[in-house]
Amino acid sequence: MLARAHSFAIDGLAVRRVTVEVDLRSGLPSFSVVGLADTSVREARERVRAALLNSDFAFPAKRITANLAPADLPKVGPGLDLALACALLAASGQLPGERLDRYAVFGELALGGELRGGETALALALAARRAGLEGLVLPAEVREEAALVDRLVVGGARDLREAVGLLSGSIPMPAPMAGSPYAPSAPASPSLEEVRGCAQAIRALTVAAAGGHNLLLCGPPGAGKTMLARRLPSILPPLSRREAIEVTRIQALARLRQGPGLVGERPFRAPHHHTSAIGLIGGRDPRRPGEVVLADHGVLFLDELSEFARDALAALRQPLEDRCVAVARGHEVEVQPARFLLVAATNPCPCGFAGHGSCRCSGTDLARHRRRLSGPLLDRMDLVVNMEPPTHEELARGPATTSAHVRELVVRARERQRARLRDVGASTNADLDTVLLARHVELAPRARAVLAAAHARGALSARGHVRVLRVARTIADLHGSDAVERVHILAALALRDLTVATRPGLSGPPLDPEPADLEPAESGVG
C-alpha cells in the first residue's frame, strides 16, 4: 500500500517542499530510505521504529520503502521524522490519509514518541502557505511562532499520538489567525545624545535613514565616523510586521535567532575588514548566508573600508544595485534578499592624517589607498561626507540633537514616500529607478539649472545624476515639499563629495551652495 505526506527540507535560506512516499510490500522485513538523504535522515528509520512502538502503534513487519521526492534535492536534518512516521501509519491503515494531502508535517521524533522543535517554524509556515497547503502540524513548543503567519491552520503536538490525533480529526485543529499583534521594540543602539559636533555628518545620517541611501564617512582617526555609524539604527523607523517576519526567517535559518517571537530591531552587521568576498556575499556554505543577506532590512557597516580586499568590495556592486544576491550552487541559482543600507567609514589615507595634519604616507601608499576605493564603488555611494574632528568648543557644548527627534523626522519622511510610492512596488526613494524618478521627481527650473551646471563641470556621471535626484527627493520629503527645489539639489550635491575619498586633503562639494541653503533650519535635518 502507498501513502504520501508533505514536509519540507531546509536548503540554505530556502525551504523546499518534500513529498514523503512510503510503500509497503510483502517480503522480508526491511526499512529503506531513498532520495538523497544524509546520515541524520537515514537514521530516522530507527527513531521512527522506536517512536511508533513506544506510542502504542504497530510497526508493520513488511518491506518498507520510503522515497523523499524530489530525489535530486539533498535532505539534511531530522525534521522529516514526523512525515516518515505519518506516511508509514497511513500506508499501514492506522491513520486516515485525507488530511495528509492538505497538511504539511515537520518535526524530530524522540525514541519515546515526543516531538522536538527547532528554530525554523516561521520559515516552515511561510513555505506551507506559499505551497497552497491548508495547514501545518509541528512540535507544540514552536506552534505560537508558526501561527504568526496569517491564514494558515497550525497544529502543535507534544508527541506522535497528538500529531496523529490532529491529522485524524480526533483532536480539533485550532482556527487560523487573521493577524497576530506585533509591537516593535525600542531601539537598543547608542543614541545621538552622546555626539558632540559633527553637524554635517548628522545631516547626512538623517538623509540616509530617511531615504535608505548609502553613506560613506571619510575623515581622520577620532573624527567620530564609527561612533556615528553605530548610532544609525537609533534613528531608523521601526520594522513593519512584514519586515520583521522576513528578518526573523533569515536569522532563524542562519541559526542566529535568540528567543521566541518576531525580531523587533533592525539588523546591524559590522564585519571585520579581513572578511572575504564569500563572507560578504555568501555561497560556500548554504547554511551560512553572507553579511549582505544577514543585514536585510537593516544596516551593513564596513569600517576601515580601504582595508577590505579589492575583490570583496567589487562583489558589493551587484547587491547594491539589485537589492538581492544570486548565489549559484551546482545547477541551481538561489536568489537571496539583500535590501540593506550600506554605511562605510574610511581614513583619507593609510596613516589617516592627509589634509588634517602631518601625513607620513608615501606616494605608493596613497595610490594603493585610491585603488582600493574604486570609482565604480564610490559612484554607488549616495552620500559621501568629509568629517573634521570636533573642536574644543563643540565638545564642551551639549548634544546638537537627539535620536528621538531625528527619528521623528525620518518616520515622517518615510510616510510621505510610502504614500507616494504605494502603487509602484517601492518603499523608499533609494528604490526609485529612472522611470519612477521621472514620474515622482518634479524639478523646479532653478533646480534644473544647478543640475545642468554640475554635469557641465564633470561632477556627475549618469549613475551619479540618478543618485543625486534620489537624495534631493529625500531632502524635499524631510522639508515636507512636493517639488524638488534648488536648495534640495544643492544640499544633495554638498552631501556627495567624491573627492574626499580619492584625493586626500581636498574637501568641499562639486558646486559650492550658498551658506543659507545648507543651514540646519533650511535642510530640515539638523
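Leu-239 is buried, at 3% relative accessibility; buried here means under 20% relative accessible area, exposed means over 50%, and partly exposed is in between, with a 1.4 Å probe and protein chains only. Leu-239 sits in the loop between helix H8 (225-229) and helix H9 (241-253). Helices (H or I, at least four residues) and strands (E, at least two) are DSSP runs, numbered from the N terminus. The C-alpha atom of Leu-239 is 8.0 Å from that of His-297, a residue 58 positions away along the chain.

Before going on, a word on what we are looking at. This is a predicted model, in which local features need pLDDT of at least 70, side-chain atom pairs count only at pLDDT 80 or more, and totals for chains, interfaces and linings use all residues. Residues are numbered from 1 along each chain as its sequence is written, and side-chain values use heavy atoms, with hydrogens and water left out.

pLDDT is the predictor's confidence in each residue, from 0 to 100. Its mean over the protein chain is 86, and 91% of the residues reach 70 or more. The stretch to treat with care is residues 502-526, where pLDDT stays under 50. The model does have 59 contacts for that stretch beyond four places in sequence, a contact being heavy atoms within 4.5 Å. Where pLDDT is low, the predicted coordinates should not be read in detail.

Now the overall picture. The protein chain has 23 helices and 16 strands. Its C-alpha atoms fill a box of roughly 90 × 50 × 45 Å, taken along the principal axes. Of its 526 residues, 54% count as buried. Among contacts with a separation of 6 or more, 74% are between residues 24 or more positions apart.

Helix H4 (residues 121-130) has 8 of its 10 residues buried, so it is largely enclosed by the rest of the structure. Those buried residues include Leu-122, Leu-124 and Leu-126. They pack against strand S1 (2-11), strand S2 (14-25), strand S8 (135-139), helix H5 (143-146) and H9. After H4 comes Gly-132, with a positive phi near 80 degrees.

In helix H2 (residues 44-54), the buried residues are Ala-44, Arg-47, Val-48, Ala-51 and Leu-52. Seen down the axis of H2, they fall within an arc of 125 degrees, so they line one face of the helix; the arc is that of the directions from the helix axis to the C-beta atoms. An α-helix has 3.6 residues a turn, so residues three or four places apart point the same way. The buried residues of H2 pack against S3, H1, H3, strand S6 (108-109) and H6. H2 is followed by Asp-56, whose phi is positive, near 70 degrees.

Next, some backbone geometry. Most residues other than glycine have a negative phi, and most peptide bonds are trans. Leu-36 has a positive phi, near 60 degrees. It lies in the loop between strand S3 (30-34) and helix H1 (39-42), and is partly exposed at 47% relative accessibility. Cys-198 also has a positive phi near 60 degrees. Cys-198 is in the loop between helix H6 (160-168) and H7, and is buried, with a relative accessible area of 10%. The peptide bond from Ala-69 to Pro-70 is cis, with omega near 5 degrees. Pro-70 belongs to the loop between strand S4 (63-69) and helix H3 (81-91).

How do H7 and H20 pack? Helix H7 (residues 199-211) and helix H20 (residues 462-479) meet at an angle of about 95 degrees, their axes 9 Å apart. Axes are lines fitted to C-alpha atoms, for helices over the stretch in contact, and angles run from 0 to 180 degrees between N-to-C directions. H7 and H20 are therefore roughly perpendicular (65 to 115 degrees). Thr-206, Val-207, Ala-210 and Gly-211 in H7 meet Val-471, Thr-474, Ile-475 and Leu-478 in H20.

Last, Leu-443, in the loop between helix H18 (434-440) and helix H19 (445-456). At 13% relative accessibility, Leu-443 counts as buried. Not counting residues up to four places away in sequence, Leu-443 touches Arg-448, Leu-451, Leu-469, Val-484 and Ile-489.

Conventions
Angles under 35 degrees count as roughly parallel, over 145 as roughly antiparallel, 65 to 115 as roughly perpendicular and the rest as oblique.
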